[in-house]
Amino acid sequence: MSAPPAVPDDPAPAAARARARARRRRQLRRAAPLSRASGPDTPPQPGQRFEWANTVLGAGSLVGGLMFYAGVMHSSAYFAYFHVRASILGFGFPQMIIWSLRLVTLPVLVSLALLAVTPRLPELLVSLRVPHRVTLGMRRASRAVARQYVLFVAAGVVLMLLWQHIQPYGWAAPLLVATGLVLGQSDAANPVRPARGLWRRGFPIAAAALFLVWVIALVAGRLGTQDARSTAAHLVRRPAVVVLSVERLSLTGPGLMTETLPGMHYRYRYTGLRLILERDRRYYVLPVGWRARTDPAFVIEDDDTILVQLMPGTQPRDGTDMR
């Protein structure tokens, strides 16, 4: 006996067809945003623009803050060598940013470039058509290094205990600790249980940031002291300062000369000084034979009783240092 024909008004096939159409519509709606986003000529959406602007603003604020901090540490160390507190000079944010540019050296730029490329190194190697075995070997090596993050932290702690013996490379100790803490947050170091939560992720990241700030302070301070020593070693190249005064001033020091000018309004003339900084009509000067451990720095304030003249310092001849 043959099966009875389907009843035209049977609701089961119609419901199945309706469900299939609804399912196809949902799939099309999900695929449409992806296809629009992947198109080369599709403009960015408002949410994407906001996310991009927020990322740029956050990164710029972080870099600006670190540069300001580096400028403060560098200028403080520089002027402290000449017995002057940088806090009384009234430097603003732009001046501190300019001071921080002293840290932008070739090794620093190379290190930053390597840090920026490291997360995308596998894709870079593939684009350069590096053999797969080389790429695979580098990935295995990076995972092996990341799993040894505890050794980085331990090495940094040991160097801290040997602080007096590792100078002038003390910055290596906090840098090793920060590197170990950052590597400890990678997926390679936590293949089974990813680092999540405040204690396992937030605290190590915050600690690594503090150690990196410490590294910046150590490097900037050391560079500031080195620059100050270089300035003192070539002091005669600095602009010469001639001080004319109505009254006798208590200026004494190696290389400083005093002359009396009878019948002149400015009766006393002081030479043999070199300019370190001029700010707010105050001249911070040193005698040409200045010694860091024993001699003071002088602050000359320009007023009605004092005339300050600036002249070129001694310049090297034929590339030689004239001291």
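Select Ser-87 to begin. Ser-87 is exposed, with a relative accessible area of 60%. The model is predicted, and every value on this tour is computed from it. Ser-87 sits in the loop between α2 and α3. Ser-87 and Val-72 are 15 residues apart in sequence, and their C-alpha atoms are 9.0 Å apart in space.

Stay in that loop and pick His-83, which also lies between α2 and α3. Look at its backbone. Phi of His-83 is near 65°, a positive value in a residue other than glycine.

**Zoom out**

Show the whole chain as a cartoon. The protein chain has 9 helices and 6 strands. Of its 323 residues, 26% are buried. Take the contacts between residues at least 6 apart in sequence: 62% of them join residues at least 24 apart.

**The aromatic rings**

Show the side chains of Phe, Tyr and Trp. The structure holds 12 aromatic pairs. Start with Phe-79 and Trp-99. Their ring centres are 5.6 Å apart and their planes meet at 70°, so this pair is edge-to-face. Phe-79 belongs to helix α2 and Trp-99 to helix α3 (residues 93-100), so the pair ties together parts that are 20 residues apart in sequence.

How exposed is each partner? Phe-79 is buried, at 3% relative accessibility. Trp-99 is partly exposed, at 22%.

Ring pairs link Tyr-78, Phe-79, Tyr-81, Phe-82, Phe-91, Trp-99 and Trp-290 into a cluster.

Which residues does Leu-89 touch, leaving aside its neighbours within four places in sequence? Leu-89 is in contact with Phe-79, Val-84, Leu-277, Arg-279 and Tyr-284.

Now pick Thr-271, in strand β3. Thr-271 is buried, with a relative accessible area of 11%. Colour its partners next. Beyond its neighbours within four places in sequence, Thr-271 is in contact with Val-241, Val-242, Gly-255, Leu-256, Met-257 and Glu-259.

**The cavity**

To find it, select Phe-79, Phe-82, Val-84, Leu-89, Ile-276, Leu-277, Tyr-284, Val-285, Leu-286, Ala-297 and Phe-298, the residues that line it. The elements giving two or more residues to this lining are β3 (268-279) and β4 (282-287). β4 gives the most, with 3 residues. By class, the lining has 11 nonpolar, no polar and no charged residues.

Then step to Arg-281, in the loop between β3 and β4. Phi of Arg-281 is near 60°, a positive value in a residue other than glycine. Arg-281 has 52% relative accessibility, so it counts as exposed.

How much space lies in the largest pocket? About 2,300 Å³. Select Ser-111, Leu-112, Leu-115, Leu-175 and Leu-212. Of the 50 residues lining the largest pocket, these are the closest to its centre. Colour the elements around them. Those that give two or more residues to the lining are α2 (46-80), α4 (106-117), α5 (121-127), α6 (132-147), α8 (172-183) and α9 (197-233). The largest share, 9 residues, comes from α9. What kinds of residue form this lining? They divide into 37 nonpolar, 9 polar and 4 charged.

**Last stop**

Finish with Gln-167 and Pro-168. A cis peptide bond joins Gln-167 and Pro-168, with omega about 10°. Pro-168 lies in the loop between α7 (149-161) and α8.

Terms used
Residues are numbered from 1 along each chain as its sequence is written. This is a predicted model: local features need pLDDT of at least 70, side-chain atom pairs count only at pLDDT 80 or more; totals for chains, interfaces and linings use all residues. Side-chain values use heavy atoms; hydrogens and water are left out. On a 1 Å grid over the protein atoms alone, a cavity is a set of points where a 1.4 Å probe fits but cannot get out, and a pocket is an open set with protein on both sides within 12 Å along at least five of seven lines; lining residues have an atom within 4 Å of a point. Grid points are joined across faces, edges and corners, and a volume is the space filled by probe spheres set on the points. Helices (H or I, at least four residues) and strands (E, at least two) are DSSP runs, numbered from the N terminus. Ala, Val, Leu, Ile, Met, Phe, Trp, Tyr, Cys and Pro count as nonpolar, Asp, Glu, Lys and Arg as charged, and the others, Gly among them, as polar. Rings of Phe, Tyr and Trp (its six-membered ring) pair if their centres lie within 6.5 Å; planes under 30 degrees apart count as stacked, over 60 as edge-to-face and the rest as tilted. Buried means under 20% relative accessible area, exposed over 50%, partly exposed in between (1.4 Å probe, protein chains only). Contact means heavy atoms within 4.5 Å.
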